[in-house]
Amino acid sequence: MTRWGILATGHIASRFAEDLRLVPDAELVAVGSRAAESAQRFADTYGAKRAYGSWVELAADPEIDAIYVATPHSAHYEAAMTCLTAGRAVLLEKPFTLELATSAELVDTARAAGVFLMEAMWMRTNPLILRAVELIAEGAIGTVTGVRADFGVAGPFPPEHRMRAAALGGGALLDLGIYPISLAHLLLGVPQHIRSWAQLGPEGTDENTGMLFGYDTGALATLSCGMVGLSGQTASVTGTTGRIDLPEPFFRPGSLTLHRAGAEPETITADGAGNGYQYEAIEVQRCLAAGLTESPLVPHAATLEVMALLDAVREQIGVRYA
């Protein structure tokens, strides 16, 4: 049995708690928040045994094996460091932190302490995304020549909302753009050329962003994210002999369609249970049972490489955090 703690009590934390009920041998033991009342309400709603009014108390609970951190981006570093230094395994919401340097600090701390740490990039643990990776490795679409992905939401969000506020790590890039970037990275690796453009809002965070990644192989990744209109939230992977289409939402698809040259399209579906967060929890538990300190599905190197790409894009579009 893996005993879980959840740090934060917002919408994403709630969805994770719901999906934890679908995970075999998982138990929600405790929840922690900076507000004791909020922690108690969350515990009552999702059946946690204990509620703490501080992150330190949650991290110090000796009956917790792993802690899921779901704070706003700007608090990821402090929250994760609190848990890691207490010796707790950590599943940390994406993006790890606001920039590469502090993300690398978390990885170094976890490695030095021999404590498990994984980015909660749930897309990389999704069964259909993993099936797409398998199909590509098997040569089903030949050599990958292009990745296209978009993630746009309609909004509007008030200035103080975490999606817009610079103090909370706001902007479309870190919250939404990380998904298209992570998909391109998963399939093509680190690009050799990056070009980015963005419309910035009054808060100095990006509202609408486009990215073009170029690879020395000749492959291209055409990516976009925004919070000025609801996009199709789809993705496609083009190869020399076929294509894989991922429907809305591409980061948690209910199906994928394989187009092979000269053949009828083939649609592959998956179990639609839950919100999709159960797979990352299952991966954490699998790694802990195997004595691993990082996940082969979401390795530290991939997390840091994606953080470096986010830094590069932010530099080009002019988004700065204090």
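Reply: Start at threonine 209: its bridge partner in β10 is cysteine 225. Before going further, keep in mind that this is a predicted model, so local features need pLDDT of at least 70, side-chain atom pairs count only at pLDDT 80 or more, and totals for chains, interfaces and linings use all residues. Residues are numbered from 1 along each chain as its sequence is written, and side-chain values use heavy atoms, with hydrogens and water left out.

Two strands pair here if DSSP finds at least two bridges between them. The strands are DSSP runs (E, at least two residues), and the helices are too (H or I, at least four residues); both are numbered from the N terminus.

One of the pairs is tryptophan 197 with glycine 210, the latter sitting in β9. The β8 and β9 hairpin also has five residues between its strands, and glycine 204 has a positive phi near 85°.

Now look at what β10 does next. It runs parallel to β7: seven bridges join β7 (residues 144–152) to β10 (residues 220–226). Alanine 149 is the residue facing leucine 223 of β10.

Zoom out, and these strands belong to an open sheet of eight, in the order β8-β9-β10-β7-β11-β12-β13-β14, with mixed pairing. From one strand to the next, the twist averages 10°.

α7 lies across β7, β9 (206–214), β10, β11 (235–239) and β12 (242–246), running at about 160° to β10. Then there's α9 (residues 300–317), which packs on the sheet by touching β8 and β9, its direction making about 55° with that of β8. The axes are lines fitted to C-alpha atoms, for helices over the stretch in contact, and angles run from 0 to 180 degrees between N-to-C directions.

One loop is worth a stop along the way. Glutamate 248 and proline 249 are joined by a cis peptide bond, with omega about -15°, and proline 249 falls in the loop between β12 and β13 (255–260).

Where does the chain divide? It splits into domain 1 (2–120 + 277–296) and domain 2 (124–271), with bounds that come from an automatic or database domain assignment. Taken over C-alpha atoms, the two domain centres are 26 Å apart. Twelve residues of domain 1 are in contact with 13 residues of domain 2.

Both domains also take part in the largest pocket, each giving at least three residues to its lining. That pocket holds about 700 Å³ of space. Its lining has 29 residues, and the closest to the centre are His11, Ile12, Lys94, Arg162 and Asp175. α1 (11–20) and α7 (172–188) are the elements that give two or more residues to the lining, and α1 gives the most, with four. By type, the lining divides into 15 nonpolar, eight polar and six charged residues.

Here's how those terms are set. On a 1 Å grid over the protein atoms alone, a pocket is an open set of points with protein on both sides within 12 Å along at least five of seven lines, and a 1.4 Å probe is the one used; lining residues have an atom within 4 Å of a point. Grid points are joined across faces, edges and corners, and the volume is the space filled by probe spheres set on the points. Ala, Val, Leu, Ile, Met, Phe, Trp, Tyr, Cys and Pro count as nonpolar, Asp, Glu, Lys and Arg as charged, and the others, Gly among them, as polar.

Note on methods
Contact means heavy atoms within 4.5 Å.
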